[in-house]
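Open the model in your viewer and keep the selection tool at hand. Each stop below says what to select and what is there.

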Amino acid sequence: SAPAPADVVGYRLTSLGRRSGDFVCSSSLISQIYSTTVNNYRGLTTGGMSVDCPHRERRGYGGDGHTSYQFALANYPVGAFFNKWTRDFADVQGVPGGFGTPAGTGQVPNTAPTVGGGGGPAWSGFVVTNPWQTYNTFGDTQILEDMYPTMVKLLAFYANATRASDGLLWPWDASKWDFLGDWITPHGSESTATSRENLLFNNCYLHYITVLVARISAVLGDATAAARYRADAARIAAAVNKAFGDASTGVYVDTLQTHAVMPLATGVVPAVVAPLTWANLARQITVVDSGHLDTGLTGTYFMTKLLMEAGRNDLIFTFANKTDFPSYGHFLKLGYTTWPEEWNVAPGDSLMHGCYNAIGLWFVEGVAGIRVHASESPPLTIRPGVDAGDITWARGHRRALHGLAVSSWSLIGGAFTHNVTIPAGGVAKVMVPSASGAT
């Protein structure tokens with residue numbers, strides 16, 4: 001007889017096992033966004049890599065990996081998993097791929113170990129950013145040592161693709177698929193390789209990973225290399241500001257969210273201009289876009305990271321608390337239990353994709369407020385997210401280097417209560433909100 005849907009049993013395969021972090025708060029919507037991100041990521045982590053989706057392309061895209069790694073490190077013991085997957089990228093460096101990876105060069109394909117698929121520097125740069133985040137979570141420098149030669153060759157490849165005339169990185173082949181900008185935003189994708197927005201995006205990102213390689217060089221004890229990469233980063237920042245920035249307004253290219261986020265998040269904006277660019281971003285979110293985000297795959301990651309680290313939980317809450325289009329709450333309102341591929345869901349789109357997992361890094365790190373950074377002293381900071389809208393209490397925990405860190409806070413009836421656990425023998429900086437709530 002013909003099988004009925006009830007006769008079919010599906011088993012989810014995942015590389016993830018036990019959890020090492022968790023989160024819940026007073027807002028049912030915010031808590032549901034967190035749990036949906038967990039559910040989505042479990043389905044995307046299989047076969048020894050994080051894939052874009054588990055059913056269609058099933059490739060280990062570094063860009064999709066960007067959206068999830070900071071969230072994953074706070075919620076799962078993924079250190080060995082990430083180290084293995086990052087080394088896969090090193091193994092395929094210079095291997096010709098489906099979209100113009102030049103053979104024998106330092107270029108890194110956009111996917112690994114499955115070579116092929118579109119992307120750009122924010123896909124290949126996974127070989128820098130993931131080892132840095134993994135090191136900062138666990139304090140183990142081995143992955144930095146292992147991946148450092150790959151990082152050096154990748155930056156050399158980008159240097160060769162940088163034009164002397166303007167100091168900017170330009171596409172190195174005719175395909176747009178190696179020079180994407182922000183992908184699948186509500187207003188569309190940045191997919192024209194030589195457009196000003198793509199050039200801004202990719203040169204800001206190049207500045208970001210060049211700064212990270214400078215910091216990694218210092219961690220590994222190579223002061224000379226650290227100084228050289230800091231100088232390279234300064235030249236890139238100068239070129240970006242000259243080509244795209246308006247010092248009188250703080251605008252880069254135009255006022256779209258990603259075009260303020262990328263220069264700010266990657267450290268390109270000069271200190272004297274930063275207040276203007278920040279004001280532009282806040283106005284774009286709250287006024288022009290009516291409290292909604294207008295970012296895509298990579299832009300949402302840098303948006304969430306930027307606002308969280310700058311102490312602007314209020315702005316994250318503004319777009320996280322929405323239930324109309326485009327928002328995470330809108331997906332939930334439509335009945336989705338995972339995150340679809342696009343904000344504008346169309347027939348044939350994937351309904352389980354990694355494009356929008358980036359909101360996940362906010363919950364344990366931003367609202368519960370537990371941040372682990374081995375390269376800083378002390379390596380553990382706990383900042384309760386009392387500025388996250390109308391959330392009145394939150395609880396979260398995660399692994400913090402050599403033990404468990406817990407943050408549980410409430411702000412009810414004007415009384416602030418905060419219970420903190422740090423690993424035995426550990427040191428933490430705990431930031432206490434002021435009476436006025438302004439700092």
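The tour goes from a helix to the core, then to a sheet and the cysteines.

This is a predicted model, where local features need pLDDT of at least 70, side-chain atom pairs count only at pLDDT 80 or more, and totals for chains, interfaces and linings use all residues. Residues are numbered from 1 along each chain as its sequence is written, and side-chain values use heavy atoms, with hydrogens and water left out.

**Stop 1: helix 1**

Select residues 28-44, which form helix 1. Helices (H or I, at least four residues) and strands (E, at least two) are DSSP runs, numbered from the N terminus. The expected span of a helix is 1.5 Å times one less than its number of residues. For the 17 residues of helix 1 that gives 24 Å, and the end C-alpha atoms are 24 Å apart, which agrees.

Now color by burial: buried means under 20% relative accessible area, exposed over 50%, partly exposed in between (1.4 Å probe, protein chains only).

**Stop 2: the largest nonpolar core**

A nonpolar core is a set of buried Ala, Val, Leu, Ile, Met, Phe, Trp, Tyr and Cys residues joined through side-chain atoms within 4.5 Å. The largest one here has 120 residues. Select Phe23, Ile30, Ile33, Phe82, Leu281, Ile359 and Trp362, which have the most contacts inside it. Helix 7 (residues 196-219) gives the largest share of this core, 12 residues.

Center on Trp362. Leaving aside neighbors within four places in sequence, its contacts (heavy atoms within 4.5 Å) include Ile30, Met308, Phe317 and Ala388.

Next, pick Thr210 in helix 7. Thr210 is buried, at 3% relative accessibility.

**Stop 3**

Find the open sheet of 3 strands, in the order 6-7-11, with mixed pairing. Strands 6 (370-372) and 11 (428-430) are at the edges, each with a single partner strand, so one side of each has no neighbor in the sheet. Two strands pair if DSSP finds at least two bridges between them. Strand 6 and strand 7 (residues 380-382) run antiparallel, joined by 3 bridges. Show Arg371: its bridge partner in strand 7 is Thr381.

**Stop 4: cysteines**

How many disulfides does the structure hold? There are 0, a disulfide being a pair of cysteine sulfur atoms within 2.5 Å. Select Cys53: its sulfur is 9.0 Å from the closest cysteine sulfur, in Cys355, too far for a bond. Cys53 is buried, at 0% relative accessibility.
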